[in-house]
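Dear colleague,

Please find the structure below, handed over for your work. The findings follow directly after it.

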Amino acid sequence: MAKYLTVAEVMRPNPTLIESVAPVADALSLMRRQAISCLVIPRKDLHDECGMLLITDIAREIVSKNRSINRTQVYEIMTKPAPSLDAAMTTKYAIRHMERFALTHSIVVNGRDLVGIVTLKTLVYGYLDVTDNGAAPNK
């Protein structure tokens with residue numbers, strides 16, 4: 001029987017969170033301290049959606065437009081709703097989905113619950129680890 005790795009098996013649980021009203025300066029400081037390139041903005045209530053802030057958002061919206069990181073709040077430049085993958089999805093289909101939509105990061109959900117975060121790089125490494133150099137899984 002073939003081995004199919006799920007998104008849950010390669011994701012990073014407990015993504016780093018930041019509130020939408022935080023200044024971008026705080027977000028950048030948090031990213032630097034933790035050596036990460038993505039933060040998740042949690043839902044405010046059951047009818048809200050998670051957001052995502054990438055270092056590329058900061059480059060595009062702050063650096064390129066010469067905006068202040070102290071006077072710009074996260075909600076002004078974040079992506080909302082954040083792209084998401086189901087924790088039970090196989091890495092093969094998650095890779096296809098992320099590539100098709102040119103995504104580098106995605107939150108991972110189980111139902112509507114945030115359970116982790118994953119990058120395209122992590123998905124590809126995980127997929128190739130259980131295959132024979134990218135051939136069909138046989139483990």
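Ala-102 counts as exposed, with a relative accessibility of 67%. This alanine sits in the loop between helix 5 (91–100) and strand 5, and its phi is positive, about 55°, although it is not a glycine. Please note that the model is a predicted one.

Asn-66 is exposed, at a relative accessible area of 73%. Ala-35, which follows helix 2, also has a positive phi, near 55°. As background, most residues other than glycine have a negative phi, and most peptide bonds are trans. The peptide bond that leads from Lys-80 to Pro-81 is cis, with omega near 0°; Pro-81 belongs to the loop between helix 4 and strand 4.

Overall architecture

The protein contains 6 helices and 6 strands. Along the sequence they follow the pattern α-β-α-β-β-α-α-β-α-β-β-α. The C-alpha trace spans about 55 × 35 × 25 Å along its principal axes. Of the 139 residues, 42% count as buried. Among contacts with a separation of 6 or more, 58% are between residues 24 or more positions apart.

Four of the strands form an open sheet: 4 strands in the order 1-6-5-4, with mixed pairing. Its edge strands are strand 1 (12–13) and strand 4 (84–86), each of which pairs on one side only. Strand 5 (residues 105–110) is joined to strand 6 in the antiparallel sense over 6 bridges, and within this pairing His-105 has Thr-119 of strand 6 as its bridge partner. Strand 4 and strand 5 run parallel and are joined by 3 bridges; here Leu-85 stands opposite Val-108 in strand 5. Strand 5 is largely enclosed by the rest of the structure, because 5 of its 6 residues are buried.

Helix 2

Helix 2 (residues 24–34) has several buried residues, namely Val-24, Ala-25, Ala-27, Leu-28, Leu-30 and Met-31. The elements that cover these buried residues include strand 2 (38–41), strand 3 (51–54), helix 3 (55–63) and helix 4 (74–77).

The largest pocket

How much space lies in the largest pocket? The value is about 200 Å³. Its lining consists of Val-10, Met-11, Arg-12, Ile-36, Ser-37, Cys-38, His-105, Ile-117, Val-118, Thr-119, Lys-121 and Thr-122. Strand 6 (113–119) and helix 6 (120–129) are the elements that give two or more residues to this lining. The largest share, 3 residues, comes from strand 6. By residue type, the lining divides into 6 nonpolar, 4 polar and 2 charged. His-105 and Thr-119, named above as bridge partners, are both among the lining residues.

The cysteines

How many disulfides does the count come to? The count comes to 0 disulfides. Cys-38, one of the residues that line the largest pocket, is in no disulfide, and the nearest cysteine sulfur, in Cys-50, lies 11 Å away. For Cys-50, the closest cysteine sulfur is that of Cys-38, and this distance of 11 Å is too far for a bond, because a disulfide requires sulfur atoms within 2.5 Å. Cys-38 counts as buried, at 3% relative accessibility, and Cys-50 counts as buried at 3% relative accessibility.

Asp-48

Is Asp-48, a charged residue, buried or exposed? Asp-48 is buried, with a relative accessible area of 13%, which falls under the 20% limit. This aspartate is found in the loop between strand 2 and strand 3. Leaving aside residues up to four places away in sequence, Asp-48 touches Pro-42, Arg-43, Lys-80 and Arg-112. From C-alpha to C-alpha, Asp-48 and Ala-94 are 24 Å apart in space, and they are 46 residues apart in sequence.

With kind regards

Terms used
Residues are numbered from 1 along each chain as its sequence is written. This is a predicted model: local features need pLDDT of at least 70, side-chain atom pairs count only at pLDDT 80 or more; totals for chains, interfaces and linings use all residues. Side-chain values use heavy atoms; hydrogens and water are left out. On a 1 Å grid over the protein atoms alone, a cavity is a set of points where a 1.4 Å probe fits but cannot get out, and a pocket is an open set with protein on both sides within 12 Å along at least five of seven lines; lining residues have an atom within 4 Å of a point. Grid points are joined across faces, edges and corners, and a volume is the space filled by probe spheres set on the points. Ala, Val, Leu, Ile, Met, Phe, Trp, Tyr, Cys and Pro count as nonpolar, Asp, Glu, Lys and Arg as charged, and the others, Gly among them, as polar. Buried means under 20% relative accessible area, exposed over 50%, partly exposed in between (1.4 Å probe, protein chains only). Two strands pair if DSSP finds at least two bridges between them. Contact means heavy atoms within 4.5 Å.
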